[in-house]
Amino acid sequence: MRIVTPDEARRIAVRAQSLDGSATTILDTVRQLGFLQIDPISTVAPPQQLVLWSRLGPYDVAELDRLLWVEKKLFEWNAYIWPIESLPLVQARMRRRRRSRHYAHERWSHEFLQRNVRFKRYVLRELDRNGPMPSRELEHESVPRPDEPHRWWGSREVTLMLEILHAYGVVAVAGRQGKQRLWDLAERWFPPVETMSVREADRVLTEQRFRALGVRLTKAGWEAHPAVRSVEVPDRVTLLSPFDRLIHDRDRARALFDFHYRLEMYVPAAKREYGYYVLPILVGDRLVGRIEPRFDRKTKTLAVLGAWGDTSRADEALQSLATWLGAQARQ
């Protein structure tokens, strides 16, 4: 174990997450981070895009699409974007999903497929004939109607079927039309790769995530990953997505940066301490404040709804953000 001081731990964490200005390309950044979390909330920009901006500055979002849907160097699974090198690891988890009955939702998914064998056959046949295609084109009078709406997907049985088959690695996201996913057979979309055991995949993923985080807190103190060096962090300023892995573990962020953060999007407005979608401000290796920008896509306006803490450098980050978003005005 390599135990480092809290100051060193902060520098290592920032460097490991490529937030020190060392990021150069989208692909290398995703490989370094391990994955990007996907979420539809885009008060400023979708988190999978905003996380990259925090590291790269203004970049071409179309390149991310090319890497996903044309070059196939990245792929989607389970609401994350992964580098294609991680496909054997992810497929091991897909196989575990197919076998596991440990949790109630796993048993429910298995029973859903058992109840709807003909429906599953119909979906796979249509994808085989016509894929890639959006879920709406799979709607048909033969699609069963649920006795009770699903708590997440309601009565959208086609979407539910696709989500389960996606989790099992039977179908794959093969593109997007706006916010609509295009679906295809996984065997046709994914390249052939080696088979890896679930145990080995878990071991490799755990090691990758330790390296991507740089440090972890143990009983002995902050343990640093041996591959990440402790160096001075440039005096760089950026804003972080609420889904950014530097702050994703709120307890770790508090211990490492003395910064308490929570996403208050689901908190009633009257009970919010700050705002609806607030972004932490990172300067060097310190979280110094927070700010709530909002981008109006119709008017191309980037507005600041609130700011807290030390915001003396926030304007630098906002100017970069406005340039990347194509904002024509700021408020």
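Where does Thr5 lie? Thr5 is in the loop between strand S1 (3-4) and H1. The structure shown above is a predicted model.

## The start of the chain

Begin with Thr5. Asp310 is 305 residues from Thr5 along the chain. The C-alpha atoms of Thr5 and Asp310 are separated by 24 Å.

## Helix H1 meets helix H11

Move on to H1. Helix H1 spans residues 6-16, and it packs with helix H11, residues 250-257. The axes are 9 Å apart, and the angle is about 130°. That angle makes H1 oblique to H11.

Which residues of H1 and H11 make the contact? From H1 come Pro6, Ala9, Arg10, Ala13 and Val14. From H11 come Arg252, Leu256 and Phe257. Sort these residues by type, and the contact of H1 with H11 has 6 nonpolar, no polar and 2 charged.

## The largest nonpolar core

How many residues are in the largest nonpolar core? The largest nonpolar core has 100 residues. Val123, Leu127, Leu239 and Leu321 touch the most other members.

Look at Val123 in detail. Set aside its neighbours within four places in sequence. Val123 is then in contact with Leu138, Met161, Leu162 and Leu165.

## Backbone exceptions

Some backbone rules hold for most residues. Most residues other than glycine have a negative phi, and most peptide bonds are trans.

Start with the peptide bond from Gly131 to Pro132. This bond is cis, with omega near 0°. Pro132 sits in the loop between helix H7 (117-130) and strand S5 (133-134).

Next comes phi. Ser18 is not a glycine, yet its phi is positive, about 60°. Ser18 belongs to the loop between H1 and helix H2 (26-33). Lys300 is not a glycine either, and its phi is positive, about 55°. Lys300 belongs to the loop between strand S12 (286-296) and strand S13 (301-309).

Lys300 counts as partly exposed, because its relative accessibility is 32%.

## Aromatic pairs

The count of aromatic pairs comes to 10. Phe35 and Tyr80 form an edge-to-face pair. Their ring centres are 5.1 Å apart, with 80° between the planes. This pair links distant parts of the chain, 45 residues apart. Phe35 is in the loop between H2 and strand S2 (36-37), while Tyr80 is in strand S4 (residues 80-83). Phe35 counts as buried, because its relative accessibility is 9%.

Now turn to Phe259 and Tyr261. Their ring centres are 6.5 Å apart and their planes are at 20°, so the pair is stacked. Both Phe259 and Tyr261 are buried.

Which residues do ring pairs link into a cluster? The cluster consists of Phe35, Tyr80 and Trp82.

Notes:
Residues numbered from 1 in each chain as written. Predicted model: local features only at pLDDT ≥ 70, side-chain atom pairs only at ≥ 80, totals over all residues. Heavy atoms only, no water. Core = buried A, V, L, I, M, F, W, Y, C linked by side-chain atoms within 4.5 Å. Buried < 20%, exposed > 50% of the residue type's maximum accessible area, 1.4 Å probe, protein only. Contact = heavy atoms within 4.5 Å. Axes fitted to C-alpha atoms, helices over the stretch in contact; angles between N-to-C directions. Helix = DSSP H or I, 4+ residues; strand = E, 2+ residues; numbered from the N terminus. Parallel < 35°, antiparallel > 145°, perpendicular 65-115°, else oblique. Nonpolar A, V, L, I, M, F, W, Y, C, P; charged D, E, K, R; others polar. Phe/Tyr/Trp six-rings, centres within 6.5 Å; stacked < 30°, edge-to-face > 60°.
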